[in-house]
Amino acid sequence: MATLFVIKNCDTCRKARKALDEKGLPYQIHDLREDGLSAALLEHILERTPVLEILNRRSTTWRNLAEEDKQDVDANKARALIMANPTLLKRPLLDTGDDIRVGYRDGDYDDLKG
């Protein structure tokens with residue numbers, strides 16, 4: 001079963017959920033604020049997606065970081081920042097079991113089969 005990583009009050013996450021529901025695709029929700037993010041789960045995601053692609057530099061969490069934390073971000077620093085602040089993970093993030101899809105725009109899930 002697919003897992004959709006979200007923050008419940010995120011409009012784009014709601015659109016992604018609606019798209020999956022309309023296709024009748026089974027999935028489970030993982031709320032990053034409520035459920036957090038384990039090191040093992042982050043490593044699972046990073047096996048399929050480069051860490052700098054999943055670091056959300058447009059989030060409120062990013063804007064609230066200390067300036068020194070936002071400087072010279074490489075893969076190791078990004079991994080540590082995401083572990084310390086799970087809401088820095090770009091969302092929605094869909095783990096289909098076969099691949100990871102980061103973000104959502106209309107039509108992004110059209111090729112998925114139930």
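Let's start with helix α3: its buried residues pack against β1, α4 (51-54), α7 (75-84), β3 and β4. Contact here means heavy atoms within 4.5 Å. Helices (H or I, at least four residues) and strands (E, at least two) are DSSP runs, numbered from the N terminus.

A word on the source. This is a predicted model, where local features need pLDDT of at least 70 and side-chain atom pairs count only at pLDDT 80 or more, while totals for chains, interfaces and linings use all residues. Residues are numbered from 1 along each chain as its sequence is written, and side-chain values use heavy atoms, with hydrogens and water left out.

Back to α3, residues 39-46. Which of its residues are buried? They are L42, I45 and L46. Buried means under 20% relative accessible area, exposed over 50%, and partly exposed in between (1.4 Å probe, protein chains only). Seen down the axis of α3, the buried residues fall within an arc of 95 degrees, so they line one face of the helix. The arc is taken from the directions from the helix axis to the C-beta atoms. Remember that an α-helix has 3.6 residues a turn, so residues three or four places apart point the same way.

Now α1, residues 11-23. Its 13 residues, at 1.5 Å a residue, should span 18 Å, and its end C-alpha atoms are 19 Å apart, which agrees. The expected span is 1.5 Å times one less than the number of residues. The buried residues of α1 are C13, A16, A19 and L20. Down the axis of α1, they sit within an arc of 120 degrees, so they too line one face. What covers them? The cover includes β1 (2-6), β2 (27-31) and β3 (93-95). On the face turned away from the buried side, α1 carries the exposed residues D11, K18 and E22. Just after α1 comes G24, with a positive phi of about 70 degrees.

Next, D108. Find it in the segment after β4 (100-102). D108 is partly exposed, at a relative accessible area of 33%. Its C-alpha atom is 8.8 Å from that of A19, a residue 89 residues apart from it along the chain. Leaving aside neighbours within four places in sequence, D108 is in contact with R101 and G103. A polar atom of the D108 side chain also lies 2.7 Å from the backbone nitrogen of R105.

Last, the aromatics. Rings of Phe, Tyr and Trp (its six-membered ring) pair if their centres lie within 6.5 Å; planes under 30 degrees apart count as stacked, over 60 as edge-to-face and the rest as tilted. How many pairs does this rule give? One. The rings of Y104 and Y109 have centres 4.8 Å apart and planes at 50 degrees, so the pair is tilted. Both tyrosines, Y104 and Y109, are buried.

Terms used. A polar contact is a pair of N or O atoms within 3.5 Å; within protein, one must be able to donate a hydrogen and the other to accept it, and residues adjacent in sequence count only if both atoms are side-chain atoms.
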